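Hello,

Here is the structure I promised to hand over. Please open it first, then read my notes below.

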Amino acid sequence: MDVTDREIKTKNAECKPTENKGSSVQIKVLFFARARDLTGLAELPLELTSGSTTQDCLNKLVARFPSLEEILGSMVLALNEEYTNESVIVQDKDELALIPPISGG
Amino acid sequence: MAEEERTQVEILEENNLIDMTKYINYVSAPQAGGIATFAGTTRDTFEGKSVVELRYEAYVPMAIRCMKSMCSSARSSWNLHSIAVAHRLGSVPVGETSVFIAVSSVHRADALDACKFLIDELKATVPIWKKEVYANGEVWKENSEFAERRLELGKDGIAAEEKSR
């Protein structure tokens, strides 16, 4: 997916999104339950600057899908199948899942 | 893992019924004097509304990890012989079983307490979701157990704790 003008303006000067592979990471984002309803997607590849955190991923997702605001306060994140928080740095090929309130059992 | 530790966790794809006997047989052992079980079934009403069915989905690989992890937790708190946990996906009509837990132990107190812990823990941590379907609408349910646990789930301490097991 293309990087939008808004995203380029908010990044630091040294960011060159697609020119230098070493300075960007590619992750896969998974949407479940209500998150999937809101985005219309089950999964999405996401490219970010190297050193980006899970919070950066979330910001980028909310910018693209503002309706995700509905669950921001009640969901949690999982990175590579483990619960995580918003300050963790994502690596290339990581899998980030948006976990809306669960209801098993 | 010690030979005596038997733990089985399963996520059953759509249209597979839970065979409770299979899991009870799995946890049965000559040395285990007590078997405790829990079956969660679809109720016919919620807040006065008539429920047609529940529909379940899961982040399967992570759900299996979490289920294994909660079984490890149970073993560190109680002296258990075998554990079996199974959860269905897809539609579960009224009266049918969506989740089943069986635990065995030498003496009954361990199995009974661990069984309660496991269903409580499943509801608080395992990434499975259910949608309640009524005649005139549907809504994603939210476990209060998750809301209470939510802020702790992503903390560094929790992940580190799991890795040390």
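**A salt bridge within chain A**

The side chains of A:Arg34 and A:Asp37 form a salt bridge, 3.7 Å from N to O. Please keep in mind that this is a predicted model. Both residues sit in helix α2 (residues 33-39) of chain A. They are three residues apart, about one turn of the helix. A:Arg34 is partly exposed, because its relative accessibility is 29%. A:Asp37 is partly exposed too, with a relative accessible area of 35%.

Why can such pairs form? Side chains of opposite charge can pair when their charged atoms come close. Over all chains, the count comes to 16 salt bridges.

**Chain A as a whole**

Chain A has 105 residues, and 47% of them count as buried. Its secondary structure comes to four helices and five strands. Along the sequence, the pattern reads α-β-α-β-α-α-β-β-β. Now take the contacts in chain A with a separation of 6 or more. Residues 24 or more positions apart account for 56% of them.

**Where the two chains meet**

**Salt bridges across the interface**

The interface of chain B and chain A holds three salt bridges. One of them pairs B:Arg65 with A:Glu82, with the closest N and O atoms 3.8 Å apart. B:Arg65 also forms a salt bridge with A:Glu81, at 2.8 Å from N to O. B:Arg65 lies in helix α2 of chain B, and A:Glu81 lies in the loop between β3 (76-79) and β4 (82-84) of chain A, so this pair joins two chains.

Are these two partners buried or exposed? B:Arg65 is partly exposed, with a relative accessible area of 41%. A:Glu81 counts as buried, because its relative accessibility is 19% and the limit for buried is under 20%.

**A network in chain B**

Four residues are linked in a network of salt bridges: B:Glu53, B:Arg55, B:Lys131 and B:Glu138. Within it, B:Arg55 pairs with B:Glu53, and their closest N and O atoms are 2.8 Å apart. B:Arg55 is partly exposed at 33% relative accessibility. B:Glu53 is buried, with a relative accessible area of 16%.

**Sites from the UniProt record**

The unreviewed UniProt entry places the feature "binding site" at B:His107, B:Arg108, B:Lys123, B:Lys130, B:Lys131 and B:Glu132.

B:Arg108 is in helix α3 of chain B, and B:Arg108 is exposed, with a relative accessible area of 65%. B:Lys130 is in strand β8 of chain B, and B:Lys130 counts as buried at 9% relative accessibility. Beyond its neighbours up to four places away in sequence, B:Lys130 touches residues of both chains, including A:Ser103, A:Gly104, A:Gly105, B:Leu54 and B:Lys123.

B:Ser104 lies in strand β7 of chain B. Its relative accessibility is 0%, so B:Ser104 counts as buried. Leaving aside neighbours within four places in sequence, its contacts include B:Val27, B:Leu80, B:His81 and B:Ala111.

B:Glu121 lies in helix α3 of chain B. B:Glu121 counts as buried at 13% relative accessibility. Leaving aside neighbours within four places in sequence, B:Glu121 is in contact with B:Met70, B:Val126 and B:Arg149.

Best wishes

Key
Residues are numbered from 1 along each chain as its sequence is written. Chains are lettered from A and ligands numbered from 1 in the order in which they are written. This is a predicted model: local features need pLDDT of at least 70, side-chain atom pairs count only at pLDDT 80 or more; totals for chains, interfaces and linings use all residues. Side-chain values use heavy atoms; hydrogens and water are left out. UniProt positions are given in the numbering used here, feature names are shortened, and annotations may be inferred rather than shown by experiment. Buried means under 20% relative accessible area, exposed over 50%, partly exposed in between (1.4 Å probe, protein chains only). Contact means heavy atoms within 4.5 Å.
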